[in-house]
Amino acid sequence: MNQSSQQPLNQQPGLVRELRLPDVVAIVVGVVIGSGIFLVPSDIARSLATPAHALLVWVVGGLLTLFGALSLAELAAMAPGAGGFYTILREAYGDRAGFLYTWSFLLLINTGSLATLAVAFGIYAAQLVPLSLVAQKTVAVAVLLLLTWVNCLGVRAGKWVQNIFTLAKLSGIAIMCGIVFWHRAPFSATTDGFSSTGWFDIPWVAFGVALVAVMWAYEGWAWVSFSGAEMKNPTRDLPIGLFLGTLIVTAVYLAASTAYYSVLSVSEVAGAERVAAETVTRLVGPGAAAFISLLILTSVFGSINGTILTGPRCYYATAADGLFFRPFARIHPRYHTPVFAIIFQGFWAALLTILGTFQQLFTAVVFAAWISYAVVVAAVIVLRRKHPDRPRPYCVPGYPWLPVLFVIAALAIVASATRAEPLHVGVSVALILVGLPVFAFLRRR
């Protein structure tokens, strides 16, 4: 590590600037591309009857994510530091809003995302090696604790794991698509279905249902903002990294979906429990299933690491401002990481992994996360009115329409999650509201 990266930041004592633009892009891509592209296409095919509409819903999801990313980039460039959403919400809506976000992020959003990914890791590990349910949970918890330990050793250790596994997952998906396109022309299995329905003759209700699933596959695009204080040039690299990362993710999703529909019909995609494995197995034999399972494990492993790498900076920043429990602000004198925050996050996520199923965790995370997305992106408008003269190194294009469109989409996803699983959503609301007396207690102290 060079001398400049060792110097503590004045505004965030103890953290060091280690992340460059490629690292920022790797975090965005690595966190977002987890298991979604291997699971969501079947859900889409059950809602939409043509490949044209299936591709279109991925494009719309990518555009909405890009709208959110561009809006977040304006906010993050104004005050690039640790904290991400916490810092934005506190600035726009006050201390209570900032605290409640950190509270829900720790108890539910980030740790729930980690637990969801870990459960998925255990499920796919069982497809390579026969595992009981208890063994699957054990593997899931072991992966969480391993990567928690790695990220305690410094942001450099975490970023190298992230870069390696992001490159590995992109290479694996490229190999999968290459195998398909070597054997089949794009959409060769679905030519009739692709050409018989126009692109814009859309069943809107079904399209909306599919879009909810797609937006889950784009989940995690904003996590990189929590690491602003560890970027060498956050004002430049954060907006560019969000933009490039979102474009890469969208391109990967479109390529993979095209590969699926080049081998399988719409009904076959809809009925496939493991659509990627079914696609490649159809072409090269049953041995390909092991390759796809390994690819998914690699993808999920990288997503878990990126989530562990970024999330604790939110708890750290809130505690450093005196709005959260003090131990979360501690920085390790040697590794320059918020070790207590990382360890607490890891053990809480492990507990959620043991207690929850994939569907329970998924619903709770989607509800809480997309409320925060809506409120944060709306802060672009709030802060434009509240501080119109504040320097903005980057401004979201198409203001205010891009932020408004994203907020509407986010609220629609929240409504859909509430309608689908009201009990799980109710538990999520209760956990968030418990933060109100906790905030009052901390303020009195």
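## Salt bridges

Is R282 buried, partly exposed or exposed? In this predicted model, R282 has a relative accessible area of 38% and is therefore partly exposed, as its value lies between the limits of 20% and 50%. The side chain of R282 meets that of E268 in a salt bridge, with 3.4 Å from N to O. Because E268 belongs to helix α12 (residues 266-271) and R282 to helix α13 (residues 275-284), the pair ties together parts that are 14 residues apart in sequence. E268 is itself partly exposed, with a relative accessible area of 32%.

A search of the whole structure finds 14 salt bridges, and one of them joins E18 and K159, whose side chains meet at 3.2 Å, N to O. This pair links distant parts of the chain, since E18 sits in the loop between α1 (3-6) and α2 while K159 is in helix α8, 141 residues apart. E18 is buried, with a relative accessible area of 2%, and K159 is likewise buried, with a value of 8%. The two residues also take part in a network of salt bridges that links E18, D23, R156 and K159. Another salt bridge is formed by the side chains of D95 and R90, at 2.7 Å from N to O; D95 is partly exposed at 23% relative accessibility, and R90 is partly exposed at 29%.

## Helix α2 and its surroundings

Helix α2 covers residues 21-32, has 12 residues, and reaches 17 Å from its first C-alpha to its last, which is close to the 16 Å expected at 1.5 Å a residue. The helix is mostly covered, with 10 of its 12 residues buried. Among them are D23, V24, V25 and A26, and D23 is also a member of the salt-bridge network with E18, R156 and K159.

The buried residues of α2 pack against four helices, namely α8 (155-183), α10 (204-217), α11 (234-263) and α14 (288-310). V32, which is one of the buried residues of α2, is in contact with Y253.

## The nonpolar core

The largest nonpolar core has 151 residues, and those with the most contacts inside it are Y101, W221, Y253 and W370. The largest share of this core, 15 residues, comes from α6. Leaving aside its neighbours within four places in sequence, Y253 is in contact with V32, I33, I37, W58, A217 and Y218.

## T111 in helix α6

T111 has its place in helix α6 (residues 95-128), and at 0% relative accessibility T111 counts as buried. The side chain of T111 reaches the backbone oxygen of L106 at 2.6 Å. When its neighbours within four places in sequence are left aside, T111 is in contact with F105, L106, Y315, Q345, W348, A349 and L352.

## Cysteines

A search of the whole structure finds zero disulfides. C314 is in no disulfide, and the nearest cysteine sulfur, that of C152, is 17 Å away, whereas a disulfide would need two cysteine sulfur atoms within 2.5 Å. C314 is buried, with a relative accessible area of 0%, and C177 counts as buried at 6% relative accessibility.

Note on methods: Residues numbered from 1 in each chain as written. Predicted model: local features only at pLDDT ≥ 70, side-chain atom pairs only at ≥ 80, totals over all residues. Heavy atoms only, no water. Buried < 20%, exposed > 50% of the residue type's maximum accessible area, 1.4 Å probe, protein only. Helix = DSSP H or I, 4+ residues; strand = E, 2+ residues; numbered from the N terminus. Polar contact = N/O pair within 3.5 Å; in protein donor to acceptor, adjacent residues only side chain to side chain. Contact = heavy atoms within 4.5 Å. Expected span 1.5 Å × (residues − 1). Core = buried A, V, L, I, M, F, W, Y, C linked by side-chain atoms within 4.5 Å. Salt bridge = Lys/Arg side-chain N within 4 Å of Asp/Glu carboxyl O.
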